[in-house]
Structure formats: C-alpha cells, structure tokens
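Colleague: I am new to reading protein models. Could you take me through one, feature by feature?

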2 protein chains.
Amino acid sequence: MPRIVVDVMPKPEILDPQGKAIVGALPRLGFTSFSSVRQGKRFELTVDGEVTEDILAQARDAAETLLSNPVIEDVVNVEVVEA
Amino acid sequence: MPRIVVDVMPKPEILDPQGKAIVGALPRLGFTSFSSVRQGKRFELTVDGEVTEDILAQARDAAETLLSNPVIEDVVNVEVVEA
C-alpha cells in the first residue's frame, strides 16, 4: 500500500537539545566527521488505495496542523512512497 | 554544507503509541484517508567539506549504534543531501 512520508525538523533558530547531545556523543564513539546534528521527526501515513491529489493535500494540511508545531518546527518534506 | 540524512523507524512488530495517537486524532480533524501512522526519527548530520565514502560509512555506523536502537528500530535510509 502506498505511504505518504512527512518529515518535520526543528526550525534553524530553535535550540535542539537532543541534537546537541548526539553531536557531543559522536566523537566519544570515534565519529569525528560531523560538525552539527539536528533531530526531527519522520511520519509514515498509510493510504488505502491510490494517492490522489486530494489525499496528498490532506496530508500536507495534517502535516502543518497536527504533525508539526509551526511555532518551532518546519515541515521539510511531504512525499509519496509506493510500497 | 552537505548533510547526511538518517531516517529511523520503529520495527513493524513494535507497538508505536505515538503513531496510534495520531491515527486516532486524524479523523477528529477531518482527515479520513489514512489507515495507519508510524512515527520515527529523522537526523541531519552536517559534514564540513566533502562527503567521502569513509564519512558515509561512519554515518551508517553511527546510525546503527548511536542514532537507533537495533532491538526496536530500523535504519530505513541514509543519504547525502547537498545544501
């Protein structure tokens, strides 16, 4: 069944304590090539049947209203993945 | 600067209470086209300079050891995004 993937990331000006914790832990584990880390969310919405324009618009709307907090987060990607 | 995106999702057999909560809330907001929702994580690792094969291998290794819990989560995607 097709799925719609929604990616949500903290806005660049928002502190991301989880990302900061990861970037501190990486060198202790020997991973020294990364200068910063941001942690966001990925949602997979399963659609029964075909993904129409209307359903994709619903997903974009849900991404902005339910899946993200527009004060502190950006919806960076909404895309259809056939499974 | 280039970033490496790592996507982590709960394994299919693992309960996902956040996804369940979202799938319950969607119809109350008028979104009726989605039969299930899974919530995972998205990480963006910033790389200073070029992404070499070695750095990508480091990112894959970090994804399996630090960014995900292999008992309950799958790394579903590791890809380079030029910014």
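Colleague: Which helix holds Thr65(A)?

Modeller: This is a predicted model. Thr65(A) sits in helix H2 of chain A, residues 53-67.

Colleague: What does the side chain of Thr65(A) lie 2.8 Å from?

Modeller: A polar atom of that side chain lies 2.8 Å from the backbone oxygen of Asp61(A).

Colleague: How far apart are Thr65(A) and Ser33(A) in sequence and in space?

Modeller: They are 32 residues apart in sequence. In space, their C-alpha atoms are 36 Å apart.

Colleague: Now salt bridges. How many does a search of the whole structure find?

Modeller: Start with the general idea. Side chains of opposite charge can pair when their charged atoms come close. Over all chains, the search here finds 10 salt bridges. One of the pairs is Arg3(B) with Glu44(B), with the closest N and O atoms 2.8 Å apart. This pair links distant parts of the chain. Arg3(B) is in strand S1 of chain B, Glu44(B) is in strand S2 of chain B, and 41 residues separate them.

Colleague: How many salt bridges cross the interface of chain B and chain A?

Modeller: The rule finds 2 there. Look at Arg42(A) and Asp7(B): their side chains meet in a salt bridge, 3.2 Å from N to O.

Colleague: Which elements of chain B give two or more residues to the side that touches chain A?

Modeller: They are strand S1 (3-10), H1, S2 and helix H2 (53-67) of chain B. S2(B) gives the largest share, 14 residues. By type, that side of chain B divides into 18 nonpolar, 10 polar and 7 charged residues.

Colleague: And how much area is buried between the two chains?

Modeller: About 2,900 Å², with 61% of it from carbon and sulfur atoms. The contact takes 35 residues from chain B and 35 residues from chain A.

Colleague: Last, pockets. What is the volume of the largest pocket?

Modeller: The general idea again. Rolling a probe the size of a water molecule over the atoms shows where empty space is left. Here the largest pocket has a volume of about 390 Å³.

Colleague: Which residues lie nearest the centre of the largest pocket?

Modeller: Of its 22 lining residues, Gln39(A), Gly40(A), Lys41(A), Gln39(B) and Lys41(B) lie nearest the centre. Helix H1 (17-28) and strand S2 (34-47) of chain A each supply at least two lining residues, and so do helix H1 (17-28) and strand S2 (34-47) of chain B. The lining divides into 10 nonpolar, 6 polar and 6 charged residues.

Note on methods:
Residues numbered from 1 in each chain as written. Chains lettered and ligands numbered in written order. Predicted model: local features only at pLDDT ≥ 70, side-chain atom pairs only at ≥ 80, totals over all residues. Heavy atoms only, no water. 1 Å grid on protein atoms, 1.4 Å probe; cavity = no way out; pocket = protein on both sides within 12 Å on 5 of 7 lines; lining within 4 Å. Points joined across faces, edges and corners; volume = space filled by probe spheres on them. Helix = DSSP H or I, 4+ residues; strand = E, 2+ residues; numbered from the N terminus. Nonpolar A, V, L, I, M, F, W, Y, C, P; charged D, E, K, R; others polar. Contact = heavy atoms within 4.5 Å. Buried area = accessible area lost by both parts, 1.4 Å probe. Salt bridge = Lys/Arg side-chain N within 4 Å of Asp/Glu carboxyl O. Polar contact = N/O pair within 3.5 Å; in protein donor to acceptor, adjacent residues only side chain to side chain.
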